[in-house]
Structure formats: C-alpha cells, structure tokens
Amino acid sequence: MTVESTTERVLRLLALLQRRPSWTAVELAAELGVTDRSVRRDVERLRALGYPVHATAGVGGGYQLGAGTRLPPLLLDDEEAIATAVSLRLAAGGTVAGAGEAALRALAKLDQVMPPRLRAEVRAVYGATETLVGPGVEIDAELLTTLARACRDAVRVRFRYAAPSSATHDGGERERTVEPVRMVSTGRRWYLMAFDVDRDGWRTFRLDRMREVEATTWRFRAREHPDPVAYVQRSVAEAPYRYLARVRLHAPPDRVRELVPPQVGRVEDDRDGWCVLVAGGQDLDWLAVHVARLGFEAEVLEPPELRQAVARLARRLAAMAGPG
C-alpha cells in the first residue's frame, strides 16, 4: 500500500471520529474497508501526530476523539484557532448570510478538540466583543454549540421552556425532554425542531425561551421526520395565531417571498402568474392592511371574515380620500 493511500485512509479515519462520539473497531474497519489490525495501526498514527484518540475496552467500548493538551500539529496554531472559533461563533449567530448551519457544524468539531486554555481565550474575546446587527433575539453561543452537538450525536436534550403567557396561566417554565433534529434560523430568531418525548410528537422550540439546557447521555434512533425548514416555517407563521389567511396574489412567488419574511408567511406556487400567500394573525384588520400593502391584485380565499375586514378597510380608505 502506498504512502498516499495510507495518508488518505488516516484522514478518513479522523473524519469518522469527528462525526460522532464513539466508534467500535469493527465499525471503523467496515467504513474504511480494512481489518481491525489496520484500524489500530491508523489510530496509533493519529496519536503520533498529536490527535487524542481514546480507547475503551470491553463490551460497548471503542475509539473516541477527545480534547488534548495542545492542538494537533499541521492544523491551526493558537492564534489561528482563536480567530477561527470567534469567526465561527459570529457566523453561527447569523451575521454571515447563509453560513449559520455550516458554521455550527465546524464550531462543534473545533470545540471538541480545542484544549481548555484556548476555550477560555475564545470566551474572553467573544465576551468582550459587540456586533452591530439588525433587530433580533441574541442567542448564547454555548447554547448553539450544545444543541449542534446534540443534533449531530443524536442524544436527547433536557431543558426548561418558558411558554408564552397566553399558553399558561402563569407564563411559567416547564421541563421538556426532546430528541433534537435541526436548528433553523429565520434571521430574527432561532428555532429547534425536535421530537417531544413526553408529548409524543414533533414540536418547534424558540431558543431564547430555553433555560438550563443539558445534553444527556441517552442516544436515540433517528425517526422519520418532516422537512425541518418547512415544519418550522409552518409552525411560526401559522400555528400560534387565531386566524389563518389564504390569499391569491397576482405576482411571481419569488417576488412575494422577497416582501414576506418566512416567519410571517409562506408562499405557495399557483398558476398563470399567481401564487398563494398563507399567513397567520391575531387580528383580521391587521391581516387586511398587510395584504393590501403588498400592492398586488389579490383574492381572499379564506377565512370569510377576512373578506369582511377587507371591505371595512376599503370603506375607511374611501372615506379618508374624500369626495371626488
């Protein structure tokens, strides 16, 4: 076997160890297409390079990539590691368009192998830095990292969840245990799509309402689940509201999506230059005003009460315009 092929296999082994917390020798051998003995030799090569690979004997044992006393050579020096981690934290917070999910995956991997002294430096830099961003809810970077790891490793998460005042008499917190699948950012807020173990169903949770978040050691088998982006959008744009409106608009769907944020409504393709806007609201007059402000020819499909609200709005506007 050539040096190049051995190096490529060792790098593949490193990538596998970063993918999940623990692997058995048999599993690694099957993934790499080699023998258990070759896996042991490759693990020793990683250790010689400075990668802290821990081995656990017995039933259920295996190999695990741990945090070392120094960063492995040929990767990042201290200054580069700190700069990378801080940049990833900012990107995960939504300051880099489209980079949030990839930044979370990279941050989870980097945080796993970063020695404690560098973690402290990163927290110090991040804690002393302010970022000027648009309106939204700030989310603690440690919370993002904890949930990113839990999604990656398929482990249950336990936390206290602050329900909105309308959901409970006292607006208090309740303990929840969930199997996390994916985090979704709408630009203003972060949401977690997860299977709620106690309620036996899929739920959406706002990260800014989560308290005392703890990743447990309970691993779960992945379930068939809805598309996370579509599920979260439907949950935040429709479920919490008293009224759900469906309005046909004479406009290209992409043009309407530019005007309507995903947390406000979703846009369905229709035909012949039309699309359907689905949006929720607590007040019919508010819905009528916002649909009118889009400036497109529109037809209210449902609810019937929204047609009455539109008629009232038209009369008010006509009265404001005056005679002639």
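Predicted model: local features only at pLDDT ≥ 70, side-chain atom pairs only at ≥ 80, totals over all residues.
Reader: In which order do the five strands of the open sheet run?

Author: Strands of a sheet pair through backbone hydrogen bonds, either parallel or antiparallel. Here the order is E6-E5-E4-E3-E7, with antiparallel pairing. The edge strands, each pairing on one side only, are E6 (201-206) and E7 (210-219). Strands (E, at least two residues) and helices (H or I, at least four) are DSSP runs numbered from the N terminus; two strands pair if DSSP finds at least two bridges between them. E4 (residues 173-185) and E5 (residues 190-196) are joined by seven bridges, and valine 184 stands opposite tyrosine 191 in E5.

Reader: Which strands does helix H7 lie across?

Author: H7 (residues 141-153) lies across E3 (155-162), E4, E5 and E7, at about 75 degrees to E4. Axes are lines fitted to C-alpha atoms, for helices over the stretch in contact (heavy atoms within 4.5 Å); angles run from 0 to 180 degrees between N-to-C directions.

Reader: Which residues of H11 are buried?

Author: An α-helix has 3.6 residues a turn, so residues three or four places apart point the same way. In H11 (residues 304-321), Leu306, Ala309 and Leu313 are buried. They cover an arc of only 55 degrees around the axis, which puts them on the same side of H11; the arc is that of the directions from the helix axis to the C-beta atoms. Buried means under 20% relative accessible area, exposed over 50% and partly exposed in between (1.4 Å probe, protein chains only). Arg315 and Ala319, on the other side of H11, are exposed. The cover over the buried residues includes E8 (243-249), H10 (284-293) and E11 (298-302).

Reader: What follows H3?

Author: Glycine 50 follows H3, with a positive phi near 105 degrees. Within H3 (residues 36-48), Ser38, Val39, Asp42, Val43 and Leu46 are buried. These fall within an arc of 140 degrees, so they line one face of the helix. Arg37 and Ala48 are exposed on the face turned away.

Reader: How many disulfides are there?

Author: A disulfide is a covalent bond between the sulfur atoms of two cysteines. With a cut-off of 2.5 Å between cysteine sulfur atoms, the structure holds zero. Cysteine 151 is partly exposed at 22%, whereas cysteine 275 is buried at 0%.

Key: Residues numbered from 1 in each chain as written. Heavy atoms only, no water. Expected span 1.5 Å × (residues − 1).
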